[in-house]
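The sequence and structure come next.

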Amino acid sequence: MSTVPLESFLAELDRLKADAVEALAAAVDADAVERARIEFLGAKSGRLKAIQKLLGGLGGADKPAGGKHFNEAREAVSAALEAAQGRVAGSAAAVEPLDVTLPGQPVRLGHVHPITQTIRRVQEIMARLGFESVDGPEVEDQWHNFDALAINAEHPARDPLDNFYLAVARGADPLLLRSQTSTVQIRVMERREPPLRIVSLGRVYRPDTADATHYPMFHQVEGLYVEPGTTMAHLKSVLRQFASTFLGGDVHVRFRPSFFPFTEPSVEVDMEWGGRWIEMGGAGMVDPAVLEAVVSGFAFGLGVERIAARRYGVTDIRDFYRNDVRFLEQF
Ligand code: FA5
């Protein structure tokens with residue numbers, strides 16, 4: 001029996017391996033993979049079978065090396081076959097036709113957050129009372145948040161521990177997250193002449209510890225009314241009309257003497273709630289020093305979370321910000 005040289009046996013094996021891997025990689029469907037399987041791994045006339053027959057013709061000393069290479073080649077071709085089978089099975093699933101007559105997956109719709117609902121409702125009620133909605137920036141300079149409101153340099157309300165000051169370039173005037181919406185009173189009066197009837201609703205920030213009636217970020221509704229002949233009676237009348245429309249029924253509104261540097265006289269505005277009085281905001285006649293004009297006006301600033309809590313019977317304003325869908329879904 002003629003001896004088969006090891007080199008030509010290995011070359012034959014390499015060619016077969018390369019052809020098989022190429023054919024299997026190119027196979028686009030299950031039929032093509034099956035044809036390649038028969039060609040290379042077929043039990044009767046597969047090319048691997050033909051090479052296996054040559055093994056017997058190798059010289060005795062070459063047989064172990066030849067057998068080892070043969071086994072490796074067979075494993076490589078089998079692995080390529082498995083990969084190709086997996087690939088065409090996957091693509092068969094992917095092209096499975098879509099049944100457009102099946103019922104759709106319902107999309108879960110969210111809805112407007114109760115605080116946003118409150119803001120929109122307040123704007124609507126105040127618009128009917130003739131108040132136009134305006135906006136102001138949340139990042140403020142000290143002039144608009146303090147100085148222009150007669151909160152002078154020594155005033156404790158400016159304390160770094162009571163405000164969120166922002167880091168700015170050395171030497172520049174520090175900016176801060178506004179601590180009240182009264183800033184918007186100033187911004188409006190800088191641009192416009194009386195008569196004025198505006199409301200501004202937006203976020204304000206204070207490093208307060210969160211509890212049932214406090215949160216470090218909350219919203220205020222600021223009102224400003226400037227017109228000759230305005231009195232505290234107008235202020236109370238507007239707040240009462242607002243409160244009874246927003247909260248429904250005959251809500252009791254109480255004024256308590258207080259102090260704000262930019263109003264004179266100043267009051268705290270309380271509303272009755274289940275037999276208790278809750279502070280909803282501050283108000284007063286705009287101080288002539290702030291108005292810089294011989295015209296009278298009033299201003300007020302109420303906490304939006306507090307009036308929303310009162311309206312919806314929520315006992316802890318932190319619930320508005322816990323993002324618990326079971327809570328939010330109720331509104
Ligand atoms: C002011 O902020 C004044 N700018 C209000 C004002 C406007 C007075 C116009 C005069 C004229 P005060 O700090 O009291 O006032 O805050 C007003 C309201 O904001 C409070 O009554 C309360 O309802 C709400 N509030 C204050 N701090 C918080 C807080 N941490 N969380 C939730 N609500 C708050």
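## Helix 10 and the residue after it

Gly313 follows helix 10 and has a positive phi, near 70°. Helices here are DSSP runs of H or I with at least four residues, strands are DSSP runs of E with at least two, and both are numbered from the N terminus. The model is a predicted one, in which local features need pLDDT of at least 70 and side-chain atom pairs count only at pLDDT 80 or more, while totals for chains, interfaces and linings use all residues. Residues are numbered from 1 along each chain as its sequence is written, and side-chain values use heavy atoms, with hydrogens and water left out.

Why is helix 10 described as largely enclosed by the rest of the structure? Seven of its nine residues are buried, so helix 10 is largely enclosed. The buried residues of helix 10 are Val304, Glu305, Arg306, Ile307, Ala308, Ala309 and Arg310. Buried means under 20% relative accessible area, exposed means over 50%, and partly exposed lies in between, with a 1.4 Å probe and protein chains only.

## The ligand site

The ligand sits in the largest pocket. A pocket is found on a 1 Å grid over the protein atoms alone, as an open set of points with protein on both sides within 12 Å along at least five of seven lines. A molecule sits in a pocket if more than half of its atoms lie within 2 Å of the grid points of that pocket. There are 25 residues around the ligand, and Gln180, Arg206, Asp208, Tyr215 and Glu279 come nearest; a residue is near a molecule if one of its heavy atoms lies within 4 Å of it. By class, the shell has nine nonpolar, 11 polar and five charged residues. In this scheme Ala, Val, Leu, Ile, Met, Phe, Trp, Tyr, Cys and Pro count as nonpolar, Asp, Glu, Lys and Arg as charged, and the others, Gly among them, as polar.

Strand 6 (217-226), strand 9 (276-286) and strand 10 (297-303) each supply at least two residues of the shell. The largest share, five residues, comes from strand 9.

- Ser182: a polar side-chain atom lies 2.9 Å from a nitrogen atom of the ligand.
- Arg206: a polar side-chain atom lies 2.9 Å from an oxygen atom of the ligand.
- Gly303: a backbone N or O atom lies 3.4 Å from an oxygen atom of the ligand.

The ligand has 680 Å² of accessible area on its own, and the protein covers 94% of that. Accessible areas come from the Shrake-Rupley method with a 1.4 Å probe.

## Cis peptide bonds

Pro194 and Pro195 are joined by a cis peptide bond, with omega about 5°. Pro195 is placed in the loop between helix 7 (183-191) and strand 5 (196-205).

Another cis peptide bond joins Glu264 and Pro265, with omega about -5°. Pro265 is in strand 8, residues 263-273.

Ala150 is not a glycine, but its phi is positive, near 65°. Ala150 lies in the loop between helix 6 (142-145) and strand 3 (164-165). With 36% relative accessibility, Ala150 counts as partly exposed.

Asn323 is not a glycine either and has a positive phi of about 55°. Its place is the loop between helix 10 (304-312) and helix 11 (325-328). Asn323 is exposed, at 58% relative accessible area.

## Sequence separation and distance in space

Helix 4 (residues 63-94) contains Ala76, and Ala79 is also found in helix 4. Ala76 counts as partly exposed because its relative accessibility is 28%, and Ala79 counts as partly exposed at 45%. For Ala79 and Val21, 58 residues apart along the chain, the C-alpha separation is 9.2 Å.

Val226, in strand 6, is buried at 0% relative accessibility. Val226 and Ser296 are 70 residues apart in sequence, and their C-alpha atoms are 5.9 Å apart. Val107 lies in the loop between helix 4 and helix 5 (114-128) and counts as exposed at 69% relative accessibility. Val107 and Phe146 are 39 residues apart along the chain, and 48 Å separates their C-alpha atoms.

Definitions and conventions
Polar contact = N/O pair within 3.5 Å; in protein donor to acceptor, adjacent residues only side chain to side chain. 1 Å grid on protein atoms, 1.4 Å probe; cavity = no way out; pocket = protein on both sides within 12 Å on 5 of 7 lines; lining within 4 Å.
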